[in-house]
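Thanks for coming. Please have a look at it first.

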Amino acid sequence: MHPAIEVPFTDLSAMAHEVWPDIETTYTEALLAARYVGGPAVARFEENFARYCETGHAVGVANGTDALQLTLQALGIGAGDEVIVPSNTFIATAAAVVRAGAIPAFVDVDPDSLLITPAILAAAITPRTSAVIVVHLYGNMPDMDGLVAVADKAGIALVEDAAQAHGAEWRDRRAGSFGAAGCFSFYPGKNLGAFGDAGAVVTNDEKLAEKVRSLANHGRDGGANHYEHSFVGTNSRLDALQAIVLDAKLARNETWTEARISFADRYRKELAGSKTLRLTEVNPLARHVYHLMVVRVANREQVQKVLQDNGIQTGVHYPVPCHLQPPLRQYATGPLPVCEQAAVEQFSLPLFPHMSRAQVDRVCEVLDEVSEK
Ligand SMILES: Cc1ncc(COP(=O)(O)O)c(C=O)c1O
């Protein structure tokens, strides 16, 4: 029998309860008016999200994977092009490259932050490289000044996978505003999550934004003629109902993010002296928004089991690096030791805006007991 859950991994229902009173009327009206796809609610959210990301444009799409794939396609990246991807990420980062028709070139990550670095990127660029996807994994950001400089010098596009990093910053500048484009997921469990799947591409490049919008809408050019298609696109549009939810949650995202950061700071303080747990490093120039509170430990299964026996839920992000995933192994060019080691050691502690300090302390207490054994 499982013990009662004392500390859940997350609590999406608490977020839904908080926003629902604000959106109940608008949501119900939109539902009954049957205006489901696009329209003013989507336009309003796009405007607000672009402002939040400090970019000129935001284009709502169906999910974060499409945001990445459509961005690559809009940049003209496809057959024969290589796109550098850190292997320590969710499979969607690399899958989007393959689905765009290009080749993922996997690289290792920094052992302290578990993110890509300018040196890793510089060493991986070849004449076939056309882009790099910088992943702000866990909600943390790597050295964007260095990465942008390396990408610019090599003449390759830099795309940000900011699926886990709504509101993250490097030198007070928002995630998504550094590269050719920033790609976001609004999957329910993300820091900014919809009531279903959703995503967005943000960019300062108006032409790129229009290309993504058109690709996501069957290649329509936005003109009056519904049956005029400039090229073959796909259907990856944002729903009006999701936009209403996202707008209401966006208004709270800073408060929720600050709560995440304060719980993460408490974890960091409590776990700093641990002889067995290793925390990921955060550059002082970065604002880590803690989509995930990731720690590493040698005996992960054992530690997770003790936590579970104490009613504490944990997750693993991610147990298999992309270059070792069966459908992606064909693109691997050799071992990536840091990613491979992180995959067996990393796991994620409960962290969500509506948790309590007592819950954080309870997790730390149990972790303390395990490490003393
Ligand atoms: C790093 C990363 N990239 C891409 C994605 C894909 O987003 P989605 O699930 O909305 O397609 C996710 C989330 O699932 C993610 O965590």
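This is a predicted model: local features need pLDDT of at least 70, side-chain atom pairs count only at pLDDT 80 or more; totals for chains, interfaces and linings use all residues.

The domain assignment puts domain 1 at residues 12–248 and domain 2 at 252–372. Taken over C-alpha atoms, the centres of the two domains are separated by 24 Å.

How much area is buried between domain 1 and domain 2? The figure is about 3,700 Å², and carbon and sulfur atoms give 57% of it. On the domain 1 side, three residues stand out: F106, Y138 and N191 supply 19% of the area that domain 1 buries against domain 2, more than any other three residues. There are also charged pairs across this boundary, with a count of four salt bridges between domain 1 and domain 2.

Now the inside. In soluble globular proteins, nonpolar side chains tend to be buried together. Here the largest nonpolar core has 52 residues, and F45, F49 and F186 are the ones with the most contacts inside it. Several helices and strands each supply at least two residues of this core, including α1 (12–33), α2 (40–53), β4 (129–135) and α8 (240–271). The largest share comes from α8, with nine residues.

Take F45 as an example of the packing. Leaving aside residues up to four places away in sequence, F45 touches F186, L192, L238, A243, L246, D247 and L250. Apart from this core lies another one, of 43 residues, and among them are A157, L208, L328 and A342.

**Salt bridges**

The structure holds 16 salt bridges. I will pick out a few.

The side chains of R252 and E18 meet in one of them, at 2.8 Å from N to O. R252 lies in helix α8 and E18 in helix α1, so this pair ties together parts that are 234 residues apart in sequence. R252 is buried, at 17% relative accessible area, whereas E18 counts as partly exposed, at 31%.

Another salt bridge joins R278 and D112, with 3.0 Å from N to O.

Next, E169 forms a salt bridge with R174, where the closest N and O atoms are 3.0 Å apart. Are these two residues buried or exposed? E169 is buried at 13% relative accessibility, and R174 is buried with a relative accessible area of 10%.

R300 and E301 form a salt bridge as well, at 3.6 Å from N to O. R300 is buried, at 6% relative accessibility, while E301 is exposed, at 54%. As for shared partners, salt bridges join E169, R174, E254, E258 and R287 into one network.

**Cysteines**

A disulfide is a covalent bond between the sulfur atoms of two cysteines. How many disulfides does the structure hold? The number is zero. For C183, the nearest cysteine sulfur is that of C53, 11 Å away. For C322, the nearest is that of C339, at 8.4 Å. C183 is buried, with a relative accessible area of 1%. C322 is buried too, at 1% relative accessibility.

**Backbone details**

Last, the backbone. Most residues other than glycine have a negative phi, and most peptide bonds are trans. There are places here to compare with that.

Which two residues does a cis peptide bond join? They are H317 and Y318, and omega is about 10°. Y318 sits in the loop between α9 (300–309) and α10 (337–345).

A34 has a positive phi, near 60°, and is a residue other than glycine. A34 is in the loop between α1 and α2, and it counts as partly exposed, at 45% relative accessibility. R171 also has a positive phi, near 50°. The place of R171 is the loop between β6 (169–170) and β7 (173–174).

That is the end of my part.

Key: Residues are numbered from 1 along each chain as its sequence is written. Side-chain values use heavy atoms; hydrogens and water are left out. A disulfide is a pair of cysteine sulfur atoms within 2.5 Å. Buried means under 20% relative accessible area, exposed over 50%, partly exposed in between (1.4 Å probe, protein chains only). A nonpolar core is a set of buried Ala, Val, Leu, Ile, Met, Phe, Trp, Tyr and Cys residues joined through side-chain atoms within 4.5 Å. Helices (H or I, at least four residues) and strands (E, at least two) are DSSP runs, numbered from the N terminus. Contact means heavy atoms within 4.5 Å. Domain bounds come from an automatic or database domain assignment. Buried area is the accessible area (1.4 Å probe) that two parts lose on being put together, summed over both.
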